[in-house]
Amino acid sequence: MAEEDRKEDRKEEEQLVIPDALPLLPVRDVVIFPFMIVPLFVGRERSINAVDAALTKDRLIFTATQKDVTKEDPEPEDLYTSGTVCMIMRMLKLPDGRVKILVQGLARAQAGKFIQTKPSYTVGITKIKEAASSAVSLEVEALMRNVKEQLEKLSTLGKVVFQEVMLVLDNIQDPGRMADLVAANLGLKIDEAQSVLETLDPVKRLEKVNDFLVKELQVAQMQVKIQSQAKEEMDKTQREYYLREQMRAIKNELGDMEESSEEMEEFREKIKKAKMPAEIDKEAHKQVERLEMMHPDAAEAALIRTYLEWLVEMPWSKQTKDTIDIGKAKKVLDTDHYDLEKIKERILEYLAVRKLQNKTKGPILCFVGPPGVGKTSLGRSIARAMGRQFVRISLGGIKDEAEIRGHRRTYVGALPGRILQGIKQAGTNNPVFMMDEIDKIGMDFRGDPSSALLEVLDPEQNYAFSDHYLNLPFDLSKVMFITTANMSDPIPDPLLDRMELINLPGYTEEEKLEIAKKFIIPRQIKEHGLTKKLFVIPDETLRKVISEYTREAGLRNLEREVASLCRKVAKKVASGKTQMTVITPKLLQEFLGIPKFLPEAEQEVDEVGVATGLAWTPVGGEILYIEATVMNGKGQLTLTGHLGDVMKESAHAALSYARSRAKMFNLQTDFYKDIDIHIHVPSGAIPKDGPSAGITMAASLISALTQNPINKDVAMTGEITLRGRVLPIGGVKEKCLAALRAKIKTIIIPERNKKDLEEIPKDIRKKLNFVLVKHMDDVLKVIFRKKAKAPQRPPRKLKAERRKHARA
């Protein structure tokens, strides 16, 4: 029976006479197969003309699919050459000018030469004869059954397959006809359907359709799986909602306030807005669920509520956008601070790197310098230049580790540490965070805060900083940490290793003058309600304030003195005297009293045994006068002036050097046996220590022994060895500034400190004469105005007289 049906179909196809040329109808989004009945809407003018041409003849038309569906007026090269000859069964003209036709595919055909392009396409047609299918083998029979079963399974999974199609499939015994029918109802892509149309072998065509069918079946099964999971999730959500509503009803019956539920919803909304990392978000929801199950008056409920408030208020994802305009940032820094070029350059370098690489970790800087040089205000300016929030905490006197890491929640009144408190205060996770007085952290039985800071200030660890209170990782790697210290020595080495040290030495008199004119005086005039027309202070008077009323590395006392002058003027203005007040040197003494600092008497003349040394202190450089005197005695060396062990050792080394060079100084080799030597450093109440006074002590001692006065206009610093070598020291810039303040122009420094002169401003270097020395002999050539002479030996004569009287 099946064989007879196939013969009958082939006979019908052979009887069908197809002309050599037919009107061409380009179609979009569909590939028409033989024996397929399809409704088409025709709206393009050329396509409507093709339909009209077909209807005037034998109603036959050739359909070809467009390669690009977006083209409104396709050219011949935009169409597939393989298509289907169709019969127009019905035609209906629509009110909008379009035409609706019903076509049935008759046979495959190949488009040849385009005979006509206007008003419609007419092409030469070559009918394609399909390979005759022989008797159906077992393999083909199995393939056909498999296609039917898979199509049925696909229909059960939600694919729309009309029942009529399934009935027709049951009666089709030809593999080619089955392939066309399944492909037409499978919803294949255009290129896939076209490949089926162009496959002429019936069995191969059916195999290709089977492959597409397997793929569609897998996609449908995955869709069903996804829908099932979504449905389960929805069912779970609905179930939870139902149970939650029941719990709410029970609570209302028990008398619990609805505020609790509103509070939980508010917490959930805040958690959502906080955009926490997944781990923190999970913990926050867990705590909300715990709080929801508790009675509002329970003791632990208050602890959880406080904990949740901290979680939702932390800036987990909030951050400010850096100002990457290098020129603008430089302008802000220059406006706020005078000089400090090294620090400004470092900040601009960081901004330049951020401009090129957005994921750069924040630097950890440590500003080291005496009080009043602008370390804290510089941090605030850096934040303004970068467009970031600024946070400052003081670490001075902290002894409890919990101040840094926070307290555990088991303690009453527990809170996070000051680091996370500062981050919360800033409201962003990338502020400029300044920690003042890091050199004054203490330690006791409660822990070591400096060790806790190791994690905070380590870029390799602080991306997951864990506070004891939150007990969750917080990313501190985006924070720009700046610490300040007066000295780097008290800072533990592991902590010091994590920071980039930038030294801020004291200001010179010229720098103080410029800073006072640009910043201090305008600020104080504004704070005291004055104007520039009421308060004028000439440069001469300002220099007098700097040199005679202040002696410091920073600017705090200078600002206090200027404020005092402003108060005096403000009092006059408030009393009705509104004329301009010019602060003259005479008026200065009336307002501020007698000068607080005057030149020392020793600076006025050259003296024997008095050498001018240079010392470094936490507040900057200082002048140090070292005095030595020789007396009759028994060879003792006396040291006074509250000296430390290192300075005492320097004095002994200086004496040993002098003894080893006795002949050079025209001294007896045993000169020290009959004399006592006393070395004193004035300001005896102030502790002094350090190796840099070595050559100063040696100079003072040799001057006293040789009775040769030392040049008062020479200051010196350097460590001495027993062989007389001069070793390098630190704090060169601060010491040079101290010499300049004391109006000393010649400075002796170790030759190996030559590199440190680059840190001194050029205008300061021009005012000073630096003498670089390798040996103590080089020092003596500079400090003595005339050659040393042999001293008299009073101790020997005294001894001889004593022996004579003893014999008598």
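This is a predicted model: local features need pLDDT of at least 70, side-chain atom pairs count only at pLDDT 80 or more; totals for chains, interfaces and linings use all residues.
A polar contact of 2.7 Å links the side chain of Asp322 to that of Arg388.

Is Asp322 buried or exposed? Its relative accessible area is 7%, and buried means under 20%, so Asp322 is buried. Leaving aside residues up to four places away in sequence, Asp322 touches Arg354, Met386, Arg388 and Asn430.

Next, find helix α9, which covers residues 278-293. Its 16 residues reach 23 Å from the first C-alpha to the last, close to the 22 Å expected at 1.5 Å a residue. Several residues of α9 are buried, including Ile280, Ala284, Val288 and Leu291. Glu283, Gln287 and Glu292 of α9 are buried too.

Finally, turn to the second largest pocket, with a volume of about 630 Å³. It is lined by 25 residues, and the closest to its centre are Gly372, Val373, Gly374, Lys375 and Ser377. Which helix gives the largest share of this lining? That is α13, with 5 residues. Helices α13 (375-386), α18 (509-527) and α20 (556-574) each supply at least two lining residues.

| Class | Lining of the second largest pocket |
|---|---|
| Nonpolar | 8 residues |
| Polar | 8 residues |

How values were computed. Residues are numbered from 1 along each chain as its sequence is written. Side-chain values use heavy atoms; hydrogens and water are left out. Buried means under 20% relative accessible area, exposed over 50%, partly exposed in between (1.4 Å probe, protein chains only). A polar contact is a pair of N or O atoms within 3.5 Å; within protein, one must be able to donate a hydrogen and the other to accept it, and residues adjacent in sequence count only if both atoms are side-chain atoms. Contact means heavy atoms within 4.5 Å. Helices (H or I, at least four residues) and strands (E, at least two) are DSSP runs, numbered from the N terminus. The expected span of a helix is 1.5 Å times one less than its number of residues. On a 1 Å grid over the protein atoms alone, a cavity is a set of points where a 1.4 Å probe fits but cannot get out, and a pocket is an open set with protein on both sides within 12 Å along at least five of seven lines; lining residues have an atom within 4 Å of a point. Grid points are joined across faces, edges and corners, and a volume is the space filled by probe spheres set on the points. Ala, Val, Leu, Ile, Met, Phe, Trp, Tyr, Cys and Pro count as nonpolar, Asp, Glu, Lys and Arg as charged, and the others, Gly among them, as polar.
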